[in-house]
Amino acid sequence: MKAFSRRQFLTHMGHGGAWLAFLTACGAGMDAALKGLVGRGLLPVAWADDDALLGTKPGMTVLTSQPINGEFAPHLLDDHMTPSARHFVRNNGSVPARAKSGDPQGWKLIVEGEVATPLALSLDELQQLPSVTQQLVIECGGNGRALFEPQVRGNQWTRGAVACSQWTGARLRDVLKKAGLKSSAVYTAHYGEDQPLGAAQPFSRGIPIEKAMDEHTLIAYQMNGAALPALNGYPVRLVVPGWIGSCSQKWLNRIVVRDQVHDSQKMTGYSYRVPAYPVEPGSRPPKEDMVIATAWRIKSLITAPQANAQFPAGQSISVRGHAWAGEETVKEVLVSVDFGIHWEKARLTQPANADAWAHWECEVALPRKGYYEIWARAFDEKGNAQPVRQPWNPKGYLGNVIHRLPVLSTT
Ligand SMILES: Nc1nc2c(c(=O)[nH]1)N[C@H]1C(S)=C(S)[C@@H](COP(=O)(O)O)O[C@H]1N2
Ligand SMILES: [Mo]
């Protein structure tokens with residue numbers, strides 16, 4: 001935790017005994033203490049300037065502000081390529097000072113562990129490696145958590161913790177080759193410059209060497225043609241396409257190549273893990289039956305019209321959205337306005353490149369006055385469909401239930 005001055009301390013004491021309780025709780029039960037205090041603004045001054053960054057994402061639905069977590073309503077994600085200002089934010093800790101200042105001086109990427117030659121690359125050195133520019137989907141593993149029944153704990157993401165921006169960077173593969181992987185290398189461990197809040201370990205995850213060597217896994221230093229925003233990982237982040245967002249380490253400054261599966265806090269227990277078999281909703285399978293969540297599954301999003309829009313009966317409504325499929329390819333998207341009785345095939349535009357999202361559109365009309373839902377259901381080339389009712393898991397990961405958008409006809 002960051003230090004703060006006596007004056008700052010006294011200012012906070014003005015909020016009553018809660019601040020003292022907060023400090024007492026810092027040793028243990030930090031999560032619980034934060035939950036109670038975050039909503040009332042009783043937070044260390046050192047974190048307060050993170051709030052200023054919220055202004056860089058106008059229109060974001062903020063789930064928590066310390067740390068900052070926020071998503072965008074589906075109709076705000078209508079662009080083919082998500083603008084940086086509309087890319088969701090999922091932070092486990094505070095935003096690093098370097099990211100706030102935008103100064104890359106002194107930043108290095110350390111590569112060590114099971115490599116022949118450990119590296120310490122400057123931003124210039126990283127940028128000298130062959131550069132790749134691609135549109136890539138990043139989606140939080142918990143996107144859609146709010147849709148699980150019974151409810152599960154964690155950020156209640158609805159559908160907007162997903163984006164497809166354009167990323168420019170070096171291939172992780174080229175950096176690992178430069179360091180020379182030993183034959184003992186099996187997994188990466190990623191570290192970043194962000195500080196955890198309270199007693200948690202610094203946020204760290206990793207991926208199997210095969211995924212790290214995939215030509216599409218990037219160490220990105222540009223987002224949509226500009227430096228990365230502070231909130232999305234400045235100066236450098238990983239982008240691991242198709243896999244849950246937590247693999248894409250922000251504010252990246254160290255990669256340790258390991259001779260075993262990475263075993264940080266965020267890799268073990270129930271963190272970013274799903275049951276190895278379907279479980280009864282609301283149950284808690286034993287830890288040893290939980291497996292690491294990896295690739296996303298077929299999904300779609302309706303970005304037009306906006307939820308709860310009203311249309312006269314018979315009017316043609318333009319329905320649009322995106323579809324993506326983890327490491328698979330989108331085959332088709334079907335749309336229904338009568339609760340799944342009839343389905344119409346949408347026109348599909350293939351993605352800009354592999355691992356970007358595809359776009360779809362069609363026209364529908366509401367037959368008479370009433371309440372309707374526009375449903376979208378995507379299918380991948382392997383024949384997998386989005387479920388209409390989805391299996392449950394204890395942390396609400398990898399949710400891909402069909403998108404149901406309410407619309408009304410008034411006449
Ligand atoms: N260093 C660091 N990297 C991180 C995180 C974090 O808290 N710290 N959050 C992860 C999670 S859970 C997700 S979903 C993505 C979110 O990326 P974004 O905030 O740019 O949308 O970043 C990942 N990388
Ligand atoms: Mo995430």
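Here's a quick tour of the protein shown above, from its overall build down to a few single residues. What you're looking at is a predicted model, where local features need pLDDT of at least 70, side-chain atom pairs count only at pLDDT 80 or more, and totals for chains, interfaces and linings use all residues. Side-chain values use heavy atoms, leaving out hydrogens and water, residues are numbered from 1 along each chain as its sequence is written, and chains are lettered from A and ligands numbered from 1 in the order in which they are written.

**The big picture**

- The protein has 8 helices and 23 strands; these are DSSP runs, numbered from the N terminus, with helices being H or I of at least four residues and strands being E of at least two.
- Of its 411 residues, 52% count as buried, where buried means under 20% relative accessible area, exposed over 50%, and partly exposed in between (1.4 Å probe, protein chains only).
- The accessible surface comes to about 17500 Å², and 51% of that belongs to carbon and sulfur atoms; such areas come from the Shrake-Rupley method with a 1.4 Å probe, and for residues only the protein chains shown count as cover.
- Contact means heavy atoms within 4.5 Å, and among the protein's contacts with a separation of 6 or more, 69% are between residues 24 or more positions apart.

- The average pLDDT is 91, and 88% of the residues score at least 70; pLDDT is the predictor's confidence in each residue, from 0 to 100.
- Over residues 1–33, pLDDT stays under 50, and the model has 40 contacts beyond four places in sequence for this stretch.
- Where pLDDT is low, the predicted coordinates should not be read in detail.

**The nonpolar cores**

- A nonpolar core is a set of buried Ala, Val, Leu, Ile, Met, Phe, Trp, Tyr and Cys residues joined through side-chain atoms within 4.5 Å.
- The largest one has 36 residues, and Leu 109, Val 111, Leu 126, Leu 172, Val 175, Ile 219 and Val 236 touch the most other members.
- Elements that each supply at least two residues of this core include β4 (109–113), α6 (123–128) and β12 (252–258), while the largest share, 4 residues, comes from α7.
- Leaving out residues up to four places away in sequence, Leu 109 touches several residues, among them Leu 119, Leu 126, Ile 219 and Ile 255.
- There's also a second, separate core of 34 residues, including Leu 53 and Met 223.

**Around ligand 1**

- Ligand 1 is surrounded by 18 residues, and the closest are Phe 88, Asn 92, Asp 194, Arg 237 and Lys 250; a residue counts here if one of its heavy atoms lies within 4 Å.
- His 87 has a polar side-chain atom 3.1 Å from a ligand 1 oxygen.
- On its own, ligand 1 has 530 Å² of accessible area, and the protein covers 100% of it.

**Two glutamates to look up**

- Glu 71 sits in strand β2 (residues 68–71) and counts as buried because its relative accessible area is 3%.
- The side chain of Glu 71 reaches the backbone nitrogen of Gly 160 at 2.7 Å.
- Glu 332 is in strand β18 (residues 330–336), and its side chain makes a polar contact with the side chain of Lys 345 at 3.3 Å.
- A polar contact is a pair of N or O atoms within 3.5 Å; within protein, one must be able to donate a hydrogen and the other to accept it, and residues adjacent in sequence count only if both atoms are side-chain atoms.
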